[in-house]
Amino acid sequence: MAMTVASLAVGTHLSDNNSIMKASESRGSMGTLIRSSFGFATKPFSILHKRQLSSVATITPRASSATAVEDPSHSEADIIPTPVVIIDQDSDPSATIVEITFGDRLGALLDTINALKNLGLNVVKANVFLDSSGKHNKFAITKADTGRKVEDPELLEAIRLTIINNMIQYHPESSAQLAMGVAFGVVPPQQQVDVDVATHISIYDDGPDRSLLYVETADRPGLLVDLVKIITDINIDVKSGEFDTEGLLAKAKFHVSYRDKAIIKPLQQVLGNSLRYFLRRPTTEEASF
């Protein structure tokens, strides 16, 4: 990564299917080719989102079906948990693993499964487990046409935005806890993340053949695609990774290499500086010219 909960998605509207597109294009969504083991994207990110998310982008108030009723005991006075969406490319060699957590508020997520199928995906396995942070819904996802894991970064980002969009639709209270609430939600986040403070980048050797890149920064639509493009623009290959959405923050872990070797220190500095420049620049920079 709609959510199978809440008897009413009260007052939740996206006026048209372009709302997600505008959010995705608001900063740095890049329409050039992206080559990595995540996949080879041949279409601009904005075009892919208009095509793939059109069927799930519109949110309208409606009564849920019986299968969509979540725990009605939650009240407005409850502490709202932090929503978490994890896109994991490391754990399973044959499938993309998606994990969704929102305290104990999520049901079976049948609508989310249907929304993922609308993106041309199959959910081949699903399970649920509980721990102190809440109820974790995990799905193993493959492409319907090939039966293989998802490697295209644009499609991975489409999965993430679809899940978040559905969470906000069926759990409007999550809107204030997500950066996407500004674009999709009823209530935008009250807390604003300082990008300079929130951005942390680290690169470590992970054996002779690859390095491990950690990126933590303020979340926004299109971020996964843009990170992969920045990395591949300096001829660094993305082998695999994990992209986590935790409330207002995004945390990425990528296994990367240069010519099938770990990244040397000078190139690590170039990569770190490139990512810091892109992530910290003002959102109005491109629109100012």
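## Exercises on a Strand and a Helix Pair

Ile 86 stands opposite Asp 244 in S9. The model is predicted, local features require pLDDT of at least 70, side-chain atom pairs count only at pLDDT 80 or more, and totals for chains, interfaces and linings use all residues. Residues are numbered from 1 along each chain as its sequence is written, and side-chain values use heavy atoms, with hydrogens and water left out.

**Exercise 1.** Determine which strands pair with S3, and in which sense.

*Solution.* Step 1: helices (H or I, at least four residues) and strands (E, at least two) are DSSP runs, numbered from the N terminus. Step 2: strands pair if DSSP finds at least two bridges between them. Step 3: S3 and S4 (residues 96-101) are antiparallel, with five bridges; Val 85 has Ile 100 of S4 as its bridge partner. Step 4: S3 is also joined to S9 (residues 237-246) by five bridges, again antiparallel.

**Exercise 2.** Explain why S3 is described as largely enclosed.

*Solution.* Step 1: buried means under 20% relative accessible area, exposed over 50%, and partly exposed in between (1.4 Å probe, protein chains only). Step 2: Val 84, Ile 86 and Asp 88 point one way, Val 85 and Ile 87 the other, and all are buried. Step 3: because five of the five residues of S3 (residues 84-88) are buried, the rest of the structure largely encloses this strand.

**Exercise 3.** State which residue classes form the contact of H7 with H8.

*Solution.* Step 1: contact means heavy atoms within 4.5 Å. Step 2: from H7, the contact involves Leu 223, Asp 226, Leu 227, Ile 230 and Ile 231; from H8, Leu 271, Ser 274, Leu 275, Phe 278 and Leu 279. Step 3: Ala, Val, Leu, Ile, Met, Phe, Trp, Tyr, Cys and Pro count as nonpolar, Asp, Glu, Lys and Arg as charged, and the others, Gly among them, as polar. Step 4: the contact therefore has eight nonpolar, one polar and one charged residues.
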